[in-house]
Every structure is written in C-alpha cells, then in structure tokens.
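Subject: Structure handover

Hello,

Here is the structure we talked about.

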Amino acid sequence: MSEIQTLFEEFKSKNSHLEAEELIDAADKFFAKGKLVSFSSFGSWSALLLDMVAKVNNEMPILFLETQKHFPETLQYVEDIKQCIQLRNVIALKPDDKILTNIDPQGELWKLNVDRCCWIRKVEPLDRYIEETSVQAVITGRRAYQTKERQKMETIEMDDKGKIRLNPLAFWSKDKIKEEFAKRSLLQHPLVEQGYHSIGCAPCTRAVNPGEDERSGRWAHVTDYQPNALQKTECGIHLGAEETKDWVI
Ligand code: SF4
C-alpha cells in the first residue's frame, strides 16, 4: 500500500464520525505542516468554511485561484475576509504567463472553450502548486446538494491524483449553511444581495432568478456561443484526471 493510501485509511478509520470543525481540527493535528491546505473560491458561502479553518489554525494555507477574471468585488472580498477572520496564509495561484500568452493572448478563451480556459486558469496552477509542495490533503467546501456529480461525494475521500480530500460540509443542507453563517455573523460576499448565489469568474457568472438552482448562473453563456455544447457544471479542480484529460494543452 502506498504512503498516501496508508495515511488515508488511518485518518478515515479514526475520524469519519466527526462534525465539520472537529474534522478540520483532527486533520490539522494529523498532517504535517504544509501538507494540508484548503481551497476557497471566496464565493457566496465560502466564509463559513474559512471561519472554521481559521478557528482551528489561521496559518493553514488557503489556496485561492486568481484566474485574473474575477469580479472586482471578489478581489475586495478576499481582502476583507482576510481581515475579518484573521486568515494569515491566503495564497493566490495565478496562471502560467507563457501558457496565457500562447493560448489565450486576448483573454477571451472563455467564449470559445470554457474547459480549456478553466484548465489554464484553474486546474494547471492548482496541480502545479500541489505537485511542487507535495500536499497530501485538501479541504474543500463542496456540498452534495450542489450538483448531480457532487451527490456521490464522501466526507473523507481519495481523488484520482493521489490526494486525500476532506469535505467537512458535504452533507450540510443549504438551510444549515445559511443558519450557521448567520450564527457566526460572517461577512457576506457583496454580490449575493444582487442575486449571485454561486460566484466564479465574472465572464462566466450571472445572477440567478428566484426559484432557479444556485449554480444555474455558472457558465450559463456557453450555449450562447456554442448552441450544441453540453452545459458545464464544474471548473475541473474537483474532477478526476481522466475527466479533464481533453482540456489539457
Ligand atoms: S470560469 Fe470562465 S473565465 Fe474562469 S477560468 Fe473558467 S472559463 Fe475561464
């Protein structure tokens, strides 16, 4: 059995019963410094997971994908949240300059090929960081109710790139998220009150109408540019290597 598989089996056998913040605490104690990181989009409900992480260890690396396509409100929100909950180690991961120059010199690939654009601006920078730092485990804020693909998720799982994934909010309902968010008096992303309930890059995010699914505003433009394209639901950082192999340059 590989070292990472052994760590996974041991961690899972001891900790699968824990509640969200307890699980983060257990992971912080279990993994060596720098080998456990958290992802954050600094989107609509991200502050809840960030607050849990900060309460356990506010120096844990928080990886933010700085795609260079964010709303200005999101970039300001990153700074505001860092102050509010005293996050000390937010790391902005940027796309590789050479790849951008070669593949997306105009910055408009999102109109023509969203999968490749997400690979350049999100998947590649994240994979590169994880490889360079030998990260063993990542904490995500994904919830099972969000998409069909996410319904299969577990709280503690292995991905197909050989990393352990911890999803402390996996089985939280939308109401429970909102309730806990209010209980902790967390700062809300400013676009939420304008109807943005899932927030990604500006060109690929629109507000949702009452009654629409919270992620229906993500990549809603795809069929405007490519009428026969399948609706995209994931940027790729939560998909397996096999599922994104055709996105790679
Ligand atoms: S969300 Fe849109 S702009 Fe952002 S990386 Fe993906 S396709 Fe590109």
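First, a term. A crossover is called right-handed if, with the strands pointing away from the viewer, the path from the first strand over the helix to the second runs clockwise. By that rule, β2, helix α4 (residues 72–85) and β3 make a right-handed β-α-β unit. Bear in mind throughout that this is a predicted model.

**Overall build**

The protein chain has 9 helices and 6 strands. Its C-alpha trace spans about 50 × 40 × 30 Å along the principal axes. The radius of gyration is 18 Å; a compact globule of 249 residues would come out near 18 Å, so the two agree. Of the 249 residues, 33% count as buried.

**The sheet**

The 6 strands form an open sheet with mixed pairing. Their order is β3-β2-β1-β4-β6-β5. β3 and β5 (156–158) are the edge strands, each pairing on one side only. From one strand to the next, the twist averages 30°.

Now take the pairs in turn.

- β2 with β3: strand β2 (residues 62–65) and strand β3 (residues 90–93) run parallel and are joined by 4 bridges. Ile62 faces Val90 in β3. Leu65 stands opposite Leu93 in β3.
- β1 with β2: these pair in the parallel sense over 2 bridges. The chain goes from β1 through α3 to β2, and this β-α-β crossover is right-handed. Ser38 sits opposite Ile62 in β2. Phe39 has Leu63 in β2 as its bridge partner.
- β1 with β4: strand β1 (residues 36–39) and strand β4 (residues 137–139) run parallel, with 3 bridges between them. Val37 has Val138 in β4 as its bridge partner. Ser38 stands opposite Ile139 in β4.

Ser38 is worth a click. It stands opposite Ile62 in β2 and opposite Ile139 in β4.

Which way do the side chains of β1 and β2 point? In a regular strand, side chains alternate between the two faces of the sheet. In β1, Leu36 and Ser38 point one way, Val37 and Phe39 the other. In β2, Ile62 and Phe64 point one way, Leu63 and Leu65 the other. The four β1 residues are all buried. So are the four in β2.

Is Ile156 buried or exposed? Ile156 has 20 C-beta neighbours inside 10 Å, and the cut-off for buried is 20 or more, so Ile156 counts as buried. Ile156 also lies 8.3 Å from Phe8, C-alpha to C-alpha. The two are 148 residues apart in sequence.

**Around the ligand**

The shell around the ligand holds 13 residues. Cys117, Cys118, Arg121, Cys201 and Cys204 come nearest. Which helix gives the most to this shell? Helix α7 (residues 114–133) does, with 5 residues. By type, the shell divides into 8 nonpolar, 2 polar and 3 charged residues.

Most residues other than glycine have a negative phi. Two exceptions deserve a look.

Phe42 has a positive phi of about 50°, although it is not a glycine. Phe42 lies in the loop between β1 and α3 (46–57). Phe42 is buried, because 24 other C-beta atoms lie within 10 Å.

Ser134 has a positive phi of about 55°, and it is not a glycine either. Ser134 is found in the loop between α7 and β4. How many C-beta neighbours does Ser134 have inside 10 Å? There are 9, and 12 or fewer counts as exposed, so Ser134 is exposed.

**Where to start**

Best wishes

Definitions and conventions:
Residues are numbered from 1 along each chain as its sequence is written. This is a predicted model: local features need pLDDT of at least 70, side-chain atom pairs count only at pLDDT 80 or more; totals for chains, interfaces and linings use all residues. A residue is near a molecule or strand if its C-beta atom, placed from the backbone, lies within 6 Å of it. Ala, Val, Leu, Ile, Met, Phe, Trp, Tyr, Cys and Pro count as nonpolar, Asp, Glu, Lys and Arg as charged, and the others, Gly among them, as polar. Two strands pair if DSSP finds at least two bridges between them. Axes are lines fitted to C-alpha atoms, for helices over the stretch in contact, and angles run from 0 to 180 degrees between N-to-C directions. The radius of gyration is taken over C-alpha atoms; the globule rule is 2.2 Å times the number of residues to the power 0.38.
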